[in-house]
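Let's walk through this protein together, starting with one residue and then widening the view. Keep the structure open beside you as you read.

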Amino acid sequence: MSDAFDPARYFQRIGYTGPHEATLDVFRRVHALHPLTIPFENLDPLRERPVSVDLPAVVAKLIDGGRGGYCFEQNLIFAKALQSLGFAVTPLIGRVVWGRTFDAEASQTHMLLRVDLDGEAWLADVGFGSVTLTAPLRLHSTEPQATPLETYRFAVADDGEYHLSVQSGDKWLPVYRFVTRPAEWVDYKLGNWFTSTEPESVFRKTLMLCRALPQGRIAVLNTRMTERGMRGELVNETEITSSAQLERLVRDRFGLNTTDVDFDDLFRRAQAGAALAAG
């Protein structure tokens, strides 16, 4: 493990003070705390700034810098934390189909983790935005699995591909699909390069911030802030009408370090994203 990652600093960042051992209880506690304290966000790619997935850069940004990030960053440090506790972690890569169907064409641009513990395989993922897992899921069960927030389930296609869905009311919404073959680090490098630099990437055109809360979630999509309850029900929706309002949200509700953010510029980009989405 690289010297760049100090488990003590990570656990301090997420507020974990429990035992350092590879047990299911520890796994669940750490998995719950991470998305409560390190938000999903794309401030860097939206501002056309490079995103590095080298470990020292991710540590400097998410742990020491008080920022959040997206899947490649989030799940990298989560994997390192789990390994430091003694868990067996296998990196995987998936194809995002959120808002579409499982047969939709999708590139491999999502990092996720397989964790093997006491003879059972689990899926861990602290980096999927508005429906980021708040607990690990049993990988080989097709029964609905409740988490502190939403309920999820797996289906397995004829070709062995896993399909993850999340429950929304009486519907099951596709999230992503993946195989359990281990990913290679170059896969993440390529996925991150595309996600953060391709002009047509959603991360380059849309402001996205998401944070899990004890009783729900808060999210910003361009110029709209939404708060949802524990089962995804809408609690509050607010239009963001100024850069000052956006700055307060990012700083106070998402807890991000905003010292290097030009919020007039960020708000203009968010307005452009909203206009593009509106057609």
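A residue counts as buried when its relative accessible area is under 20%, as exposed when it is over 50%, and as partly exposed in between, using a 1.4 Å probe and protein chains only. The structure is a predicted model, in which local features need a pLDDT of at least 70 and side-chain atom pairs count only at pLDDT 80 or more, while totals for chains, interfaces and linings use all residues. Residues are numbered from 1 along each chain as its sequence is written, and side-chain values use heavy atoms, with hydrogens and water left out.

With that in hand, look for Phe-27. Phe-27 has 0% relative accessibility, so it counts as buried. You will find Phe-27 in helix α2, which covers residues 24-37; helices here are DSSP runs of H or I with at least four residues, strands are runs of E with at least two, and both are numbered from the N terminus. What does Phe-27 touch, leaving aside residues up to four places away in sequence? Its partners are Leu-82, Phe-87, Val-115, Trp-122, Ala-124 and Pro-136, where a contact means heavy atoms within 4.5 Å. The C-alpha atoms of Phe-27 and Ala-135 are separated by 8.4 Å, although the two residues lie 108 apart along the chain.

Now step back to the whole protein. It has 9 helices and 13 strands. For its 279 residues, a compact globule would have a radius of gyration near 19 Å, and the 18 Å of this protein agrees with that; the radius is taken over C-alpha atoms, and the globule rule is 2.2 Å times the number of residues to the power 0.38. Along the principal axes, the C-alpha atoms fill a box of roughly 50 × 45 × 35 Å. Of the 279 residues, 52% are buried. Among contacts between residues at least 6 apart in sequence, 57% join residues at least 24 apart.

A few surface and charge totals complete this overview. The protein exposes about 12500 Å², and carbon and sulfur atoms supply 50% of that area, as computed by the Shrake-Rupley method with a 1.4 Å probe, where for residues only the protein chains shown count as cover. The mean positions of the 30 positive and 36 negative charges are 3 Å apart. Lys and Arg count as positive and Asp and Glu as negative, with His and the chain ends not counted; each charge is placed at NZ of Lys, CZ of Arg, CG of Asp or CD of Glu.

The hairpin from β10 to β11 passes through 2 residues. Strand β11 is largely enclosed by the rest of the structure, because 5 of its 6 residues are buried. On to β12: β11 and β12 pair over 5 bridges, and Leu-221 has Arg-224 as its bridge partner. Between β12 (residues 224-228) and β13 there are 5 bridges, and Arg-228 faces Leu-234 across that pairing.

Backbone angles are worth a look as well. Most residues other than glycine have a negative phi. Asn-222, in the loop between β11 (216-221) and β12, instead has a positive phi of about 60°. Asn-222 is buried, with a relative accessible area of 5%. Glu-48 also has a positive phi, of about 65°, without being a glycine. Glu-48 sits in the loop between α3 (43-46) and α4 (55-63), and it counts as exposed at 53% relative accessibility.

Finally, turn to another run of antiparallel strands. Strand β6 (residues 145-146) is joined to β7 (residues 151-156) by 2 bridges, and the hairpin between them has 4 residues. Here Ala-146 stands opposite Thr-151. In turn, 5 bridges join β7 to β8 (residues 162-168), with Arg-153 opposite Ser-165. The hairpin of β7 and β8 has 5 residues between the strands, and Gly-160 there takes a positive phi near 90°.

How values were computed: Two strands pair if DSSP finds at least two bridges between them.
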